[in-house]
Amino acid sequence: MTWFTGHVDEVFGLARTHLVLSMVPLLFGLLIALPLGWMARRVPRLYGPLIAGSGLLYTIPSLALFILMPLVLGTQILDPINVIVAMTIYTIALMVRTVADGLAAVPDHVTQAATSMGIGRWRRFFTVELPLAVPVIAAGLRVAAVSNVSIVSVAAIIGVAQLGSLFTDGFNRAFVDPIVVGVIACLVLAVAVDAAILLVVRLLTPWQRGGAAA
Amino acid sequence: MNLVWTWLSEPSHYLGSDGILARSWQHLGYMVLTLLIAATVAIPLGLWIGHTGRGRIVVVNAVNGMRSLPTLGLLFIAVLLMGPRIPGDLAFLAPSIFVLVVLAVPPILAGTYSGVDEVDPAARDAARGMGMTSWQVLFGVELPGALPLIFSGLRSAALQVVATATIAATVSIGGLGRFLIDGLAVRDYGQMAGGALLVGVLALLLDGAFSLVQRLSVSPGLSAPEASSRNNQDSTATITT
């Protein structure tokens with residue numbers, strides 16, 4: 001691992017872009033999936049098409065999606081925007097179903113109680129339904145976050161620099177060390193992101209902490 | 001868009017040993033070979049874990065761990081370490097298939113295990129009460145009941161393999177990934193995007209085919225209206241590269 005000690009700055013720099021390329025799409029994807037999941041839940045006729053449609057997006061292999069992005073966006077192939085948009089699509093694909101399931105798991109009597117207290121539809125969504133759906137949504141978000149971190153590394157093939165660049169550089173020089181460092185860095189990043197989401201969920205769901213739940 | 005269309009509509013691109021048709025077959029061939037090897041390992045193991053209830057934690061961790069492993073790195077490490085010890089063309093192919101199998105095992109294992117695990121305990125008890133042996137319960141009750149989820153696992157594995165086999169073109173194996181990588185090397189965007197489109201279509205077709213098989217595999221005894229909630233147990237591809 002002498003290679004690592006000589007290249008600490010480079011690895012940290014790549015890890016930072018890796019984090020941006022995987023987490024910005026996670027946020028965008030979640031923000032887009034929230035209204036879509038809400039619609040799937042509210043309009044039963046849309047549930048099937050929305051869930052099936054988003055699921056289909058996830059079947060498209062990542063390298064193919066990265067390469068097809070310029071066709072849709074009119075960007076250059078090396079533009080990191082391609083990766084951001086593609087990863088956002090994957091996040092939406094995973095999260096629409098989770099959001100719909102999370103909202104469906106909110107007990108009816110709770111929403112009815114809120115309604116009878118005179119809370120309007122929008123306020124009810126943001127102050128009652130969404131907070132109660134956080135545990136389910138977060139579980140899906142953790143899966144999306146971890147898979148985003150691993151999928152982004154594929155973008156090194158089309159020349160977008162991040163931790164995956166250590167794989168392509170190492171392979172081109174037939175040198176295993178950078179590749180191993182890259183794999184470990186990806187795993188560490190995935191664990192860190194996962195822990196960060198768990199922490200946020202803990203802060204957002206104080207009622208789950210006291211032990212004896214309702 | 002025009003570049004892609006020009007590339008795709010050129011008849012000579014379809015024929016020959018490096019044409020679209022041959023590459024598609026090659027891609028499917030890698031997938032079938034990988035799934036056969038992975039299923040031979042994962043289905044018996046999953047049945048055993050589901051039947052005995054031992055080793056569940058291993059399954060959960062294998063699936064979660066696999067999700068965070070960057071496949072590209074894994075592939076390169078396998079080729080660099082195993083390649084020099086293998087003669088000829090196999091030097092690239094064998095390590096690639098090895099990595100594909102490693103990636104395909106967890107989803108099949110998880111599908112098989114949870115399929116057996118979710119068999120109605122009442123059905124299992126009834127089978128025992130009728131005097132069925134442990135093996136008869138496994139093959140007569142648990143396996144048929146688990147089939148839809150086994151196919152769901154195979155479906156996730158197939159999609160994972162198709163995606164990773166595309167990436168594996170960087171270590172000079174064949175398949176549709178060749179168009180993406182070769183096009184990139186010579187800056188021929190038409191070829192790259194045309195190949196990418198074909199890979200996407202292949203994945204969608206496979207997904208459709210597997211979902212059909214999955215639906216048909218529901219045991220007739222379980223497709224009665226009251227048991228139809230099982231059909232919703234469609235743990236669609238959660239792993240992709």
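## Where the chains meet

In this predicted model, 36 residues of chain B are in contact with 37 residues of chain A. On the side of chain B that touches chain A, the elements that give two or more residues are α3 (56–68), α4 (71–82), α7 (134–167), α8 and α9 of chain B. The largest share of that side, 10 residues, comes from α9(B).

By class, the residues of the side of chain B that touches chain A divide into 25 nonpolar, 9 polar and 2 charged.

## Two helices in chain B

Two of the helices named above also pack against each other: α8(B), residues 177–185, and α9(B), residues 189–216, have axes that lie 7 Å apart at an angle of about 165°. Since angles over 145 degrees count as roughly antiparallel, α8(B) and α9(B) are therefore roughly antiparallel to each other, and their crossing is left-handed.

From α8(B), the residues Phe179(B), Leu180(B), Asp182(B), Gly183(B) and Leu184(B) meet residues of α9(B) that include Tyr189(B), Met192(B) and Ala196(B). This contact has 6 nonpolar, 4 polar and 1 charged residues.

## Two helices in chain A

In chain A, helix α7 (residues 121–152) and helix α9 (residues 176–204) have axes that come within 9 Å and cross at roughly 170°, which makes α7(A) roughly antiparallel to α9(A).

Among the residues that make this contact are Pro131(A), Val134(A), Leu141(A) and Arg142(A) of α7(A), together with Cys186(A), Leu189(A), Asp194(A) and Ile197(A) of α9(A). The residues of the contact of α7(A) with α9(A) divide into 15 nonpolar, 1 polar and 2 charged.

Technical notes
Residues are numbered from 1 along each chain as its sequence is written. Chains are lettered from A and ligands numbered from 1 in the order in which they are written. This is a predicted model: local features need pLDDT of at least 70, side-chain atom pairs count only at pLDDT 80 or more; totals for chains, interfaces and linings use all residues. Axes are lines fitted to C-alpha atoms, for helices over the stretch in contact, and angles run from 0 to 180 degrees between N-to-C directions. Helices (H or I, at least four residues) and strands (E, at least two) are DSSP runs, numbered from the N terminus. Angles under 35 degrees count as roughly parallel, over 145 as roughly antiparallel, 65 to 115 as roughly perpendicular and the rest as oblique. A crossing is left-handed if the near helix is turned anticlockwise from the far one by less than a right angle, and right-handed if clockwise. Two residues are in contact if their C-beta atoms, placed from the backbone, lie within 7 Å. Ala, Val, Leu, Ile, Met, Phe, Trp, Tyr, Cys and Pro count as nonpolar, Asp, Glu, Lys and Arg as charged, and the others, Gly among them, as polar.
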